[in-house]
Amino acid sequence: LSSGVIVTEAAAKSGSLLTANFALKAGRNVMAVPGSIYSEYSAGPNNLIRSGATPITSAADAIVALGFHAQESTPPAAQSAEEALLLGLLAEGTNSSEDLIERSGLGAAGFANAISLMEITGKVRNLGAGNWVVR
């Protein structure tokens, strides 16, 4: 039913590891998200990686592991200085409304106006809880 399996969390003995084993036997890709060495729920993925599973740290890793090629996306063009400023901050990894307001110096009203227009025009997406990403 699938091209591969990604194990995100699993104890050293778990049903997720049984699924990964079935995937291996069926000739499917087995991938795992590495986790903290202190978490019991990272033991499974970490052991899978040690045994040869593909480590996955981003969606692009999974796309490549499945044989697809990630398409390069061009960043959206800014229509104003405020949009350019916010797009730059988002590209640097600042994504909470509070941090964007503080780092941009736009103030709450200026930020709300700019980010709303950016959302309407499809440049950014609201992830909820005041977090934003570039589309």
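Ser42 is buried, with a relative accessible area of 8%, where buried means under 20% relative accessible area, exposed over 50% and partly exposed in between, for a 1.4 Å probe and protein chains only. The place of Ser42 is in the loop between strand 2 and helix 2, helices (H or I, at least four residues) and strands (E, at least two) being DSSP runs numbered from the N terminus. Once residues up to four places away in sequence are set aside, Ser42 touches Ala10, Gly35 and Ser36, contact meaning heavy atoms within 4.5 Å.

The model is a predicted one, in which local features need pLDDT of at least 70 and side-chain atom pairs count only at pLDDT 80 or more, while totals for chains, interfaces and linings use all residues. Residues are numbered from 1 along each chain as its sequence is written, and side-chain values use heavy atoms, with hydrogens and water left out.

**The parallel sheet and its helices**

An open sheet of 3 strands has the order 1-2-3 with parallel pairing, two strands being paired if DSSP finds at least two bridges between them. Strand 1 (4-7) and strand 3 (54-55) stand at the edges with a single partner strand each, so one side of each is left without a neighbour in the sheet. Strand 2 (residues 29-32) is joined to strand 3 by 2 bridges, and the bridge partner of Met31 in strand 3 is Thr54. Helix 2 (residues 43-50) packs on this sheet, touching strand 1, strand 2 and strand 3, whereas helix 1 (residues 15-25) lies across strand 1 and strand 2. The angles below are taken between N-to-C directions and run from 0 to 180 degrees, with axes as lines fitted to C-alpha atoms, for helices over the stretch in contact.

| Pair | Angle |
|---|---|
| Helix 1 and strand 1 | about 155° |
| Helix 2 and strand 2 | about 125° |
| Helix 4 and helix 6 | about 80° |

**Helix 4 and its surroundings**

In helix 4 (residues 81-91), Glu83, Leu86, Leu87, Leu89 and Leu90 are buried. Seen down the helix axis, these buried residues fall within an arc of 160°, so they line one face of helix 4; the arc is that of the directions from the helix axis to the C-beta atoms. On the other side of helix 4, Ala81 and Ala91 are exposed. The cover over the buried residues includes helix 5 (97-104), helix 6 (107-120), strand 4 (124-128) and strand 5 (131-134). Just after helix 4, Gly93 takes a positive phi of about 105°.

The axes of helix 4 and helix 6 are 10 Å apart, and the two helices are therefore roughly perpendicular to each other, a term for angles of 65 to 115 degrees, with those under 35 counted as roughly parallel, those over 145 as roughly antiparallel and the rest as oblique.

Strand 4 and strand 5 pair in the antiparallel sense over 4 bridges, and Asn126 stands opposite Trp132 in strand 5. Their hairpin has 2 residues between the strands, and Ala129 in this hairpin takes a positive phi near 55°.

**Nonpolar cores**

The largest nonpolar core has 11 residues in all, including Leu86, Leu100, Phe111, Met118, Val124 and Trp132; such a core is a set of buried Ala, Val, Leu, Ile, Met, Phe, Trp, Tyr and Cys residues joined through side-chain atoms within 4.5 Å. Helix 4 and helix 6 each supply at least two residues of this core. A second, separate core of 10 residues includes Val5, Val30, Ala32 and Leu48.
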